Amino acid sequence: MKYRTVAELVKLAQEEGLSIGQTVMNQESQTTGRPREEVLSNMEKSLRVMEQAVEKGINEEVVSRSGLTGGDAKRLRDYAKSGQSLSKGVVLDAVNYALATSEVNASMGLIVATPTAGSSGVLPGCLLAVGKHLGSKRENMVNALFNAGGIGFVIANNATISGAAGGCQAEIGAAAAMAASAVVELAGGTPEQCSQGAAIALKNLLGLACDPVAGLVEVPCVKRNSMGAAVAIVAADMALAGITSVIPCDEVIEAMYKIGTMLPSCLRETSLAGLAITPTGEELNQKVHNLNKE
Amino acid sequence: MRYNSIFDIIGPVMVGPSSSHTAGAARIGKTTRNIFGRVPTRAEITLYGSFAQTYRGHGTDLALVGGILNLNANDENIVRSFQIAKDFGVEIIFKTVAEESDYHPNTARVCLSDSKGSLEVVGISVGGGKITITEIEGFKISLSGDSPTLLVFHHDRFGAIAKVAQVLACNEINIGHMEVARRSRGDQALMVIETDQDLTNETIKAVKRIDPEYRIALIIP
């Protein structure tokens with residue numbers, strides 16, 4: 001790829017007069033030697049999987065294999081329909097869709113890892129909610145996915161997208177940065193605004209520990225996906241308003257990585273601290289463990 | 001660069017809940033099955049570290065068995081892979097080494113066997129559904145399984161590698177990455193050749209003709 005940093009990606013898009021999504025798509029095709037049509041159609045297939053997961057999650061009361069989570073996406077949707085909700089419209093939809101995808105993930109349903117399975121709700125949540133709100137064309141939705149991929153690509157190669165390596169900030173944080181950038185593009189923002197949206201989203205999830213109860217991708221992962229979606233939408237709105245991150249996106253990514261290496265391993269997917277060892281966390285761990293023995 | 005494609009970031013399409021513990025596990029299983037080349041009658045799987053601690057909750061066991069049955073990480077049948085194994089008459093044995101060991105925390109050792117032979121492969125799940133095969137039949141290697149890969153078990157002697165490379169060149173197949181491991185000088189050895197193009201049966205036969213004693217396996221991503 002001709003870019004290693006977000007700044008280089010923005011510059012490349014500006015020079016070519018393209019969106020970040022289009023630039024990333026071209027680069028993917030050139031670097032891998034696969035034709036554009038094939039690359040586009042692969043991404044289109046991923047979009048369809050995302051839509052199906054959201055549909056399933058909001059319509060069925062999907063329950064995880066352990067029984068720890070499930071049914072909340074439908075619960076939230078019913079509540080949203082009542083018109084009583086405080087966060088209305090796109091934000092609540094994004095939160096709802098993210099929750100739906102995460103619940104499907106926990107039930108061993110079909111999802112797209114974006115960038116990981118544990119953080120697979122954030123990007124589809126934001127993209128499908130904003131796409132619905134704007135009435136976006138399908139090709140623009142696909143382009144937005146490439147945009148997200150470009151941001152994730154930089155994070156994955158310069159920092160980390162693994163909870164075990166960098167804590168939850170590396171998973172939900174990266175996913176929120178990707179989603180913010182993607183929806184800025186979908187809403188007609190510039191490449192520069194995309195990078196600002198990504199920076200603002202990631203900044204606000206720095207330090208997030210990875211402390212899953214019983215070692216499962218459920219508590220707190222499922223709800224953190226929906227919160228990541230809310231952060232991403234708000235960050236995108238700020239970027240579209242012309243607000244910039246004082247710390248540039250690439251420096252935020254570097255800071256995330258450094259924070260990740262400073263986090264003790266007990267807060268990096270080992271379930272040895274944080275929520276995992278609260279009295280209820282311990283109790284659930286025992287319960288799941290005993291269930292498994294049967 | 002650890003990640004080379006956008007589809008490493010937006011992807012894989014997979015059954016949940018964990019790219020490292022489910023999708024990666026399915027790929028380790030499938031790659032092993034690929035090398036073995038047929039349905040085994042017995043699969044003995046040892047899980048280490050985090051795999052051993054959390055495999056049931058993440059469906060790591062279901063995914064590994066699914067892979068051994070040739071299911072992809074996005075196949076929803078993974079959830080019922082134990083039943084499918086039973087239907088095929090594949091005996092499944094799981095062992096765990098949960099305490100700290102020299103192995104990467106997401107390591108699986110897969111031994112497949114039937115009346116014709118056996119195969120032992122060690123794979124690690126490195127995150128995001130990506131894997132590295134670190135050992136085949138005791139040979140230490142580093143194989144991603146992302147590209148078509150030709151494995152040639154041969155005897156360590158001069159010209160062996162050049163002859164295989166020559167066959168690939170004649171068939172217009174480009175080598176993207178290659179490594180060779182051997183037990184000791186002049187002993188049994190393994191060539192691991194990752195290629196840019198798919199390998200046809202004719203090419204594989206041509207490699208086989210170099211020396212009938214070669215054992216050849218193919219990994220299709």
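This is a predicted model: local features need pLDDT of at least 70, side-chain atom pairs count only at pLDDT 80 or more; totals for chains, interfaces and linings use all residues.
**Helix packing in chain B**

- Two packed helices are described by the angle between their axes and the distance between the axes.
- Classified by residue type, the contact of helix 3 with helix 4 of chain B consists of four nonpolar residues, two polar residues and one charged residue.
- Helix 3 of chain B (residues 60-68) also packs with helix 1 of chain B (residues 19-36), at an angle of about 30° and with the axes 6 Å apart.
- Helix 1 of chain B is therefore roughly parallel to helix 3 of chain B, given that angles under 35 degrees count as roughly parallel.
- The crossing of helix 1 of chain B past helix 3 of chain B is right-handed.
- Helix 1 of chain B takes part in this contact through His21(B), Thr22(B), Ala25(B), Ala26(B), Ile28(B), Gly29(B), Lys30(B) and Arg33(B), and helix 3 of chain B through Thr60(B), Ala63(B), Leu64(B), Gly67(B) and Ile68(B).
- The contact of helix 1 with helix 3 of chain B comprises six nonpolar, five polar and two charged residues.

**Helix packing in chain A**

- Helix 1 of chain A (residues 6-16) and helix 2 of chain A (residues 20-32) have axes that cross at roughly 95° and come within 9 Å.
- Helix 1 and helix 2 of chain A are therefore roughly perpendicular to each other, the range for that class being 65 to 115 degrees.
- Leu9(A), Val10(A), Leu12(A), Ala13(A) and Glu16(A) of helix 1 of chain A meet Ile20(A), Thr23(A), Val24(A), Asn26(A) and Gln27(A) of helix 2 of chain A.
- This contact of helix 1 with helix 2 of chain A has six nonpolar residues, three polar residues and one charged residue.

**Annotated domains**

- An unreviewed UniProt entry lists "domain: Serine dehydratase-like alpha subunit" for residues 15-276 of chain A.
- Residues 15-276 of chain A are 65% helix and 1% strand, and the end C-alpha atoms of the span are 48 Å apart.
- For chain B, the UniProt annotation "domain: ACT", also from an unreviewed entry, covers residues 149-221.
- Residues 149-221 of chain B are 29% helix and 38% strand, with 8 Å between the end C-alpha atoms.

**Backbone geometry**

- The peptide bond from Gly11(B) to Pro12(B) is cis, with omega near 5°; Pro12(B) is placed in the segment before strand 1 (13-15) of chain B.
- Gly16(B) and Pro17(B) are likewise joined by a cis peptide bond, with omega about 5°, and Pro17(B) is in the loop between strand 1 and helix 1 of chain B.
- Met108(A) is not a glycine but has a positive phi of about 65°; this residue lies in the loop between helix 5 (89-106) and strand 1 (110-112) of chain A.

**Aromatic pairs and contacts distant in sequence**

- Over all chains, the count of aromatic pairs comes to six.
- One of them is the tilted pair of Tyr48(B) and Tyr103(B), at 4.2 Å centre to centre and 40° between the planes.
- Tyr48(B) belongs to strand 2 (residues 42-48) of chain B and Tyr103(B) to the loop between strand 3 (91-97) and strand 4 (106-114) of chain B, so that the pair links distant parts of the chain, 55 residues apart.
- Asp156(B) is located in the loop between strand 8 (149-155) and helix 5 (160-170) of chain B.
- The C-alpha atoms of Asp156(B) and Gln188(B) are 5.9 Å apart, with 32 residues of separation in sequence.
- Apart from neighbours within four places in sequence, Asp156(B) is in contact with Arg182(B), Ser184(B), Arg185(B), Gly186(B), Asp187(B) and Ala189(B).

Terms used:
Residues are numbered from 1 along each chain as its sequence is written. Chains are lettered from A and ligands numbered from 1 in the order in which they are written. Side-chain values use heavy atoms; hydrogens and water are left out. UniProt positions are given in the numbering used here, feature names are shortened, and annotations may be inferred rather than shown by experiment. Helices (H or I, at least four residues) and strands (E, at least two) are DSSP runs, numbered from the N terminus. Axes are lines fitted to C-alpha atoms, for helices over the stretch in contact, and angles run from 0 to 180 degrees between N-to-C directions. Angles under 35 degrees count as roughly parallel, over 145 as roughly antiparallel, 65 to 115 as roughly perpendicular and the rest as oblique. A crossing is left-handed if the near helix is turned anticlockwise from the far one by less than a right angle, and right-handed if clockwise. Contact means heavy atoms within 4.5 Å. Ala, Val, Leu, Ile, Met, Phe, Trp, Tyr, Cys and Pro count as nonpolar, Asp, Glu, Lys and Arg as charged, and the others, Gly among them, as polar. Rings of Phe, Tyr and Trp (its six-membered ring) pair if their centres lie within 6.5 Å; planes under 30 degrees apart count as stacked, over 60 as edge-to-face and the rest as tilted.
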